[in-house]
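Biologist: I am new to this structure. Please take one part and go through it closely.

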Amino acid sequence: MKFKNKKANTDKLIKYGFQAVDGKYIYRTDIMDGQFRLGVTVDGNGEIETELYDTSVEDIYTLHLAIGAVGAFVGRVRTEYDGVLSEIEQKCFDTDVFKQDFTREILSYAREKYGDEAEYLWNDLPDAAVIRRKDTQKWYVLLMTILPKRLGLDGDEPIEIVDLRFDVDELPKKVDGKRYFAGYHMNKKHWITIMLDGSVPLAEILEYIDKSYQLAHGK
């Protein structure tokens with residue numbers, strides 16, 4: 001199985017207690033007051049395998065995976081099993097909803113230059129993320145996956161875009177309705193939307209990110 005829209009972070013796996021073995025990461029822990037030993041294996045593709053061992057009978061236990069299995073005991077096993085996996089997902093996996101190389105480069109750039117991580121703030125918009133300055137808490141990047149029609153474009157395949165703060169005097173000159181748009185989902189006088197399909201060079205986008213960062217000051 002895989003966690004949806006998640007990518008394993010190997011550093012976090014090791015910190016959590018996983019052991020690297022032949023290209024895979026293996027973790028074991030006791031649940032149910034030691035009656036069961038849970039093994040979790042994460043491979044290089046983020047695929048997850050689990051094995052639950054019942055120490056009282058020295059055999060593999062699978063009843064917690066059977067949808068039709070009911071009862072207080074199996075319910076408790078299932079709850080503790082799910083709890084471990086949920087914690088591993090939260091502490092060892094990063095959100096991975098964006099697919100375009102440029103989008104990933106933006107995430108890396110903000111992390112490496114400014115030490116800022118993307119935040120996924122909305123449950124109903126899982127493919128949207130903001131990046132904000134630590135000192136002012138103001139956003140300077142908004143990443144989204146939207147349908148082209150939202151920008152007045154043709155096509156049915158979702159596209160990835162970035163919204164950035166932009167100089168109010170320069171913005172009208174830049175907007176062309178093809179690669180650059182007045183801010184989608186943001187103030188159209190102060191934000192610009194840029195396509196992340198490669199039509200705008202990455203170096204240019206990164207320059208705009210720096211300017212957006214500066215514009216997100218405290219005044």
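Modeller: Helix α3 crosses α5 in a right-handed sense. This is a predicted model. Start with how the two helices are placed. α3 covers residues 101–114, and α5 covers residues 202–215. They pack at an angle of about 45°, and their axes lie 11 Å apart. An angle like that makes α3 oblique to α5, because it falls in neither the roughly parallel range, under 35 degrees, nor the roughly perpendicular one, 65 to 115.

Now the residues that touch. On α3, the contact is made by Phe102, Glu105, Ile106, Tyr109, Lys113 and Tyr114. On α5, the partners are Leu202, Ile205, Leu206, Ile209, Asp210 and Tyr213. Nine residues of this contact are nonpolar and three are charged. None is polar.

The largest pocket has a volume of about 560 Å³. Its lining counts 20 residues. Closest to the pocket's centre are Asp94, Thr95, Leu107, Arg111 and Glu117.

Which element gives the most to this lining? That is α3, with four residues. At least two residues each come from β1 (6–8), α2 (72–92), β7 (93–95) and α3.

The lining of the largest pocket has its own make-up. Nine of its residues are charged, seven are nonpolar and four are polar. The contact of α3 with α5, by comparison, holds no polar residues.

To recap: α3 packs against α5 at about 45°, and α3 supplies four residues to the lining of the largest pocket.

How values were computed:
Residues numbered from 1 in each chain as written. Predicted model: local features only at pLDDT ≥ 70, side-chain atom pairs only at ≥ 80, totals over all residues. Heavy atoms only, no water. Axes fitted to C-alpha atoms, helices over the stretch in contact; angles between N-to-C directions. Parallel < 35°, antiparallel > 145°, perpendicular 65-115°, else oblique. Left-handed = near helix turned anticlockwise from the far one by under 90°. Contact = heavy atoms within 4.5 Å. Nonpolar A, V, L, I, M, F, W, Y, C, P; charged D, E, K, R; others polar. 1 Å grid on protein atoms, 1.4 Å probe; cavity = no way out; pocket = protein on both sides within 12 Å on 5 of 7 lines; lining within 4 Å. Points joined across faces, edges and corners; volume = space filled by probe spheres on them.
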